[in-house]
Amino acid sequence: MFKKITPDCQYSNITPRYIELMYEEENGKESQDIDFIIYKYIMNNKVKQLFIAKNEKIPSTLNTEIQELYDVIMKNNICKKVDITAETFIDYMYKQNISDEDDERKINKEIKDKYIKYKKIAKYTDDNTNEKFAYFMGAKEGAKVFTYHKKLNEWSWMDDDVYKQQFKIYKKLIKNKDIVIDEENNNEHSLNGKKWYSICIQKWNEEIDDYAEMTLCKGSFDVFGYMVSGYVYYFQNKVDRDTAYRWLVK
């Protein structure tokens with residue numbers, strides 16, 4: 001009844017409402033791929049079962065997504081005569097997607113990864129943090145640096161090779177005095193008991209000997225209450241932040 005779906009992109013902020021909009025047609029707003037939504041519903045319920053099995057509190061965000069996905073399925077007149085909340089239905093549909101041990105291993109890994117993701121999200125939503133940012137933090141994998149993309153109005157994780165390549169460009173711009181990095185803007189931020197260490201890149205106008213652009217970083221203000229202009233990068237480790245700063249300005 002439903003097919004295998006590629007897991008969510010590592011850095012995405014996909015929510016049930018986003019899925020519903022993504023698969024609606026402009027003419028008639030009919031669902032193009034309800035199978036995808038059913039798959040998400042089944043997998044999220046398997047994650048919920050894992051929280052229950054571990055005798056852990058089920059994150060409110062997970063319960064909310066399950067309910068939203070349920071509502072979408074019901075709107076599409078799917079499974080009207082079946083109780084899709086029953087564990088027997090969830091387990092049956094889960095098994096339908098497993099044809100061999102390799103399938104089972106991959107799907108169970110996806111469930112475990114989602115379980116870890118929701119535990120991360122819960123850490124931030126329980127602290128009344130911006131919900132969109134909480135989902136972003138839940139998508140964290142190996143990256144140790146994140147920034148706020150001002151043009152896209154989105155937070156973004158940056159793998160080591162990505163941010164190092166970006167900083168190589170910044171180093172050239174610093175030498176040309178197109179941008180500046182003030183040490184006084186190297187700050188420490190605390191969020192839900194976790195510390196992050198920032199570095200700020202700011203455009204410079206040499207003619208007027210002042211900052212060229214004074215627009216506040218909206219993401220930094222919304223999440224950390226940090227009022228600063230420019231492009232802010234947050235490091236998981238203070239040593240890494242300090243090393244990056246010294247390399248940029250030397």
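**View 1. Asparagine 55 is an exposed residue of this predicted model.** Its relative accessible area is 74%. Exposed means over 50% relative accessible area, buried under 20%, and partly exposed in between, with a 1.4 Å probe and protein chains only. Asparagine 55 sits in the loop between helix H2 (34–53) and helix H3 (60–75). Its phi is near 55 degrees, a positive value in a residue other than glycine. Helices (H or I, at least four residues) and strands (E, at least two) are DSSP runs, numbered from the N terminus. Residues are numbered from 1 along each chain as its sequence is written. In this predicted model, local features need pLDDT of at least 70, side-chain atom pairs count only at pLDDT 80 or more, totals for chains, interfaces and linings use all residues, and side-chain values use heavy atoms, with hydrogens and water left out.

**View 2. Lysine 177 also has a positive phi.** The value is near 60 degrees, in a residue other than glycine. Lysine 177 belongs to the loop between H7 and strand S3 (179–180).

**View 3. Helix H9 covers residues 238–249.** Its twelve residues should span 16 Å at 1.5 Å a residue. The expected span is 1.5 Å times one less than the number of residues. The end C-alpha atoms of H9 are 17 Å apart, which agrees. Asparagine 237 caps the N-terminal end of H9. A side-chain oxygen of asparagine 237 lies 2.7 Å from the backbone nitrogen of valine 239.

**View 4. H9 has a set of buried residues.** They are Arg241, Asp242, Ala244, Tyr245 and Leu248. Seen down the helix axis, the buried residues of H9 fall within an arc of 160 degrees, so they line one face of the helix. The arc is that of the directions from the helix axis to the C-beta atoms. Their cover includes helix H7 (160–175), strand S5 (194–205) and strand S7 (231–235).

**View 5. The second largest pocket is lined by 16 residues.** His149, Gln166, Tyr170, Tyr231 and Tyr233 lie nearest its centre. Strand S1 (145–149), strand S2 (154–158), H7, S5 and S7 each give two or more residues to the lining. A pocket is an open set of points on a 1 Å grid over the protein atoms alone, where a 1.4 Å probe fits, with protein on both sides within 12 Å along at least five of seven lines; lining residues have an atom within 4 Å of a point.

**View 6. The whole chain has nine helices and seven strands.** Buried residues make up 43% of its 250 residues.

Conventions
Contact means heavy atoms within 4.5 Å. A polar contact is a pair of N or O atoms within 3.5 Å; within protein, one must be able to donate a hydrogen and the other to accept it, and residues adjacent in sequence count only if both atoms are side-chain atoms.
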